[in-house]
Amino acid sequence: MKKLLVSFAVFFCVSIIATAQEFSYGLLGGVNISKINNVGGSELEDNAVSFHAGLNGLFTFDDRWSAETSILYSREGETFEIGNTESEINLDFINIPLHVRYRVWNNLTVHAGPQVGFLLNATQSVAGGNEVDIDDEVTVDSNLSVSLGLGYDFPELGLFLKVNFAEGVTDLFDNEEFKNDEYTRLVRFSVGYRF
């Protein structure tokens, strides 16, 4: 599976670079709202709020079509209760979304594509205590997601706004506490600047 993902990413990047007419790059960061499906809570208040930051590259083909990729540090997870005890899981990823973009109106774009996340660290804290490593309970080193979203560019200022939804398709945990498949779910609000 990893070889397939790497091969796809290399093919995607080479194809984009070979056909792009223009390239620009920049920085972006913002807020994550995330959860891990089937871990614990199910309500909106169980979502964890955190952040992401990284680099962004835009390959433009014509006035409508472009491709975009980023390399992002992203903290994701969930806060939930087991009994009456609050627990928090934090997963630190390097996420690489690969998106095809289409300009639908003015500077408004829609984008969609895969996202590969490489797990750096996994921790859990119970009842507000210290974070404890749970790397041995996470059974994957990488996480594949399907993502889509909207963006708006302010080219005269170099600024752009993005909102992105990513649904994981990789089961993260393999233990008796979590009996179902556990997938990441992420909404990402970003502000960026292109040089």
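A: Happy to! One term to begin with: buried means under 20% relative accessible area, exposed over 50%, and partly exposed in between (1.4 Å probe, protein chains only). Also, this is a predicted model, where local features need pLDDT of at least 70, side-chain atom pairs count only at pLDDT 80 or more, and totals for chains, interfaces and linings use all residues. Residues are numbered from 1 along each chain as its sequence is written, and side-chain values use heavy atoms, with hydrogens and water left out.

Q: Thanks! Is Tyr193 buried, exposed or partly exposed, and why?
A: Tyr193 counts as partly exposed because its relative accessibility is 38%. Tyr193 sits in strand 9; strands (E, at least two residues) and helices (H or I, at least four) are DSSP runs, numbered from the N terminus.

Q: How far is Tyr193 from Leu27?
A: In sequence they are 166 residues apart, but in space Tyr193 and Leu27 are 5.5 Å apart, C-alpha to C-alpha.

Q: What nonpolar surface patch is there, and which residues make it?
A: Phe23, Tyr25, Leu27, Leu55, Ile71, Leu157, Leu159, Tyr193 and Phe195 make a nonpolar surface patch of about 930 Å². Patches are made of residues with over 30% relative accessible area and no salt bridge: like charges are joined within 9 Å, nonpolar side chains (Val, Leu, Ile, Met, Phe, Trp, Tyr) within 5 Å. A salt bridge is a side-chain nitrogen of Lys or Arg within 4 Å of a carboxyl oxygen of Asp or Glu. The areas come from the Shrake-Rupley method with a 1.4 Å probe, and for residues only the protein chains shown count as cover.

Q: Which strand gives the most to the patch?
A: Strand 1 (residues 22-36), with three residues. Phe23 is found in strand 1, and Phe23 is partly exposed because its relative accessible area is 48%.

Q: Zooming out, how many helices and strands does the protein have?
A: One helix and nine strands. From the N terminus on, the order is α-β-β-β-β-β-β-β-β-β. Of the protein's 195 residues, 44% count as buried.

Q: New topic: what is the volume of the largest pocket?
A: About 350 Å³. Of the 21 residues that line the largest pocket, the closest to its centre are Leu58, Thr60, Arg101, Asp153 and Arg194. On a 1 Å grid over the protein atoms alone, a pocket is an open set of points with protein on both sides within 12 Å along at least five of seven lines, a cavity is a set where a 1.4 Å probe fits but cannot get out, and lining residues have an atom within 4 Å of a point. Grid points are joined across faces, edges and corners, and a volume is the space filled by probe spheres set on the points.

Q: What kinds of residues line that pocket?
A: The lining of the largest pocket has seven nonpolar, six polar and eight charged residues. Here Ala, Val, Leu, Ile, Met, Phe, Trp, Tyr, Cys and Pro count as nonpolar, Asp, Glu, Lys and Arg as charged, and the others, Gly among them, as polar. Strand 4 gives the largest share of this lining, three residues.

Q: And how many cavities of 30 Å³ or more are there?
A: Two, from a search of the whole structure. The largest cavity holds about 80 Å³ of space, and strand 3 gives the most to its lining, with four residues. The second largest cavity holds about 40 Å³.
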